[in-house]
Structure formats: structure tokens, C-alpha cells
Amino acid sequence: MDIPSISQTLAENTAANAANANSTGNDALGNLSDTYDNFLTLLTKQLQNQDPLSPMDTSEFTQQLVAFSNVEQQIQSNKNLEKLINLQSATNAYSAVSFIGTSVAIDSDKVMLQDKNARFDYTIDKAATKATLTIRDKNNQVVMITDADGSVGTHPAKWDGTDVFGNQLPNGQYSVSVSYEDIAGKQYTADITSYGVVDSADIEDGAVYLNVGTIRVPLDKVQHITKPVKAA
């Protein structure tokens, strides 16, 4: 009977071992155990059928045993990492609740119009000879365009929700942009910071997302958080 060599077994099991190492749980350990049992059976057969005058090189199956040990350790590490991730997700879920009802400053050009009011800042880095503020609706249609302050600095702005014709627009999400040019005619775009109140929060893949109306913001885009002042 032809017995596959240890080197053949090593090559055939490399992919399976790598897959086991990248997975977690009892399935991965079970698969590794089955592969290990098969390996020992094959090794026993080879030892029984080896040529006494030319014994097997033990370094080959020693390497395989070390590989099995490394894979098992990796699976255990992945299981512990998964537990830590689940714990972090639970912690994030608790922390997300604390953001609801707070006022936040967001690194975003999206603004929420609520009750005829939308707040945002725009920052001019270089003295501008001309600056233009443009507001677009959710369909990217321009609803307002007007001159902006072109002096260097951060400029607070409010929009009452009226369009270029003076019509009142509905509550919802809009986008803001400020373009400007310097004395040499070079074009720039201002950074926008929008403001709003968090009304809900989501946890996705362990990350916290805050919802300001329909604006969904990852936590790392929040620049400032202010808790509401309780009435005396």
C-alpha cells in the first residue's frame, strides 16, 4: 500500500490549518483535532512501513507537530480576541445612550434644518476677494446661494430654511459649501462644521454612530459635545 509522505501531508494541510487559525470557536478546534488525528494515523503507518536501513527524517513530522501547536494557539488567541471585541461592543452600546439629547459639532457639510433653523460654521484659511455660500437639498439641487464672509477665520452661520425666492423649505437634510478665491484667483473650499442634537445612536461592528435627524455620523467625526442645561 502506498502511504503519502509527511511532506505531502504538510502541503495538503497548510491551507486547512491557515483557515482554522483565522476562524474561532469549537468548529475550528474540532477541525484541527480531526486533521491532527489523521496526521498521527498517517505518521504511525509511515513508521511501521519505513525502511530500517533508511529511517525517516524526524525533522519533517516535528515541523508538522509544531505547526499544529501554533495553529491551536492562534485559534485560542482569536477566541480571546473575539471575547474582547464583544465586551467592547457592549461598552460602546452603553456609552452610545449617553449621547442622546446632547448637542454636537460635526466635521460634516451636512446640516439638519429643523423648525426654520440650521446652524453651521465655515472656516476661511486665506484672505478671499470673493466667497460664495451654497446650500443644496437632498437631490443636490441648489436652493440657496449668497455671498459669504471672505475674511480669514471661522464664521458662525444660521440658515432659516428659505430658498433664493424666499419660500420656506421643509425640515430635513441639506448640504452646505463655501467656495472662495484669493487675490491671485486661486480657488479654495472652506471646511464646514455643522451643529445638531443627537436623537438616536447605532452600534455597527463595534463602532458607535450618532444620528442627528437623518445625518449619520461616526463618533470620530464629532468635534464637540455639549449636554443640555437642566432648567432650574
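In this predicted model, R216 counts as partly exposed because its relative accessibility is 39%, where partly exposed denotes the range between buried, under 20% relative accessible area, and exposed, over 50% (1.4 Å probe, protein chains only). The model is a prediction in which local features need pLDDT of at least 70 and side-chain atom pairs count only at pLDDT 80 or more, whereas totals for chains, interfaces and linings use all residues. Residues are numbered from 1 along each chain as its sequence is written, and side-chain values use heavy atoms, with hydrogens and water left out.

R216 forms a salt bridge with D202, and the closest N and O atoms of the pair are 3.5 Å apart; a salt bridge is taken here as a side-chain nitrogen of Lys or Arg within 4 Å of a carboxyl oxygen of Asp or Glu. This pair links distant parts of the chain, with R216 in strand β12 and D202 in strand β10, 14 residues apart. Strands, like helices, are DSSP runs numbered from the N terminus (strands E, at least two residues; helices H or I, at least four). D202, with a relative accessible area of 30%, is therefore partly exposed. In general, side chains of opposite charge can pair when their charged atoms come close.

The strands that carry this pair belong to an open sheet of three strands, in the order β10-β11-β12 and with antiparallel pairing, where two strands are said to pair if DSSP finds at least two bridges between them. Its edge strands are β10 (200-204) and β12 (215-218), each of which pairs on one side only. From one strand to the next, the twist averages 30 degrees, as given by axes that are lines fitted to C-alpha atoms (for helices over the stretch in contact), with angles running from 0 to 180 degrees between N-to-C directions. Strand β11 (residues 207-212) is joined to β12 by four bridges, and the two run antiparallel; V212 has I215 in β12 as its bridge partner.

A further open sheet is formed by five strands in the order β6-β3-β9-β1-β13, again with antiparallel pairing. Here the edge strands are β6 (153-159) and β13 (222-226), each pairing on one side only, and the twist averages 20 degrees from one strand to the next. Within this sheet, four bridges join β1 (residues 103-106) to β9 (residues 191-197), which run antiparallel, and S103 stands opposite V197 in β9.

Strand β9 also contains S194, which counts as buried because its relative accessibility is 1%. The side chain of S194 reaches the backbone oxygen of K110 at 2.8 Å. K110 in turn takes part in a salt bridge with D109, the closest N and O atoms being 3.2 Å apart. With a relative accessible area of 30%, K110 is partly exposed, and D109 likewise counts as partly exposed, at 33% relative accessibility. The count of salt bridges comes to two.

On the surface, V142, I145, V164 and F165 form a nonpolar patch with about 420 Å² of accessible area together. Accessible areas come from the Shrake-Rupley method with a 1.4 Å probe, and for residues only the protein chains shown count as cover. Patches are made of residues with over 30% relative accessible area and no salt bridge, like charges being joined within 9 Å and nonpolar side chains (Val, Leu, Ile, Met, Phe, Trp, Tyr) within 5 Å. One of the patch members, F165, lies in the loop between β6 and β7 (172-181) and counts as exposed because its relative accessibility is 70%.

Notes: Polar contact = N/O pair within 3.5 Å; in protein donor to acceptor, adjacent residues only side chain to side chain.
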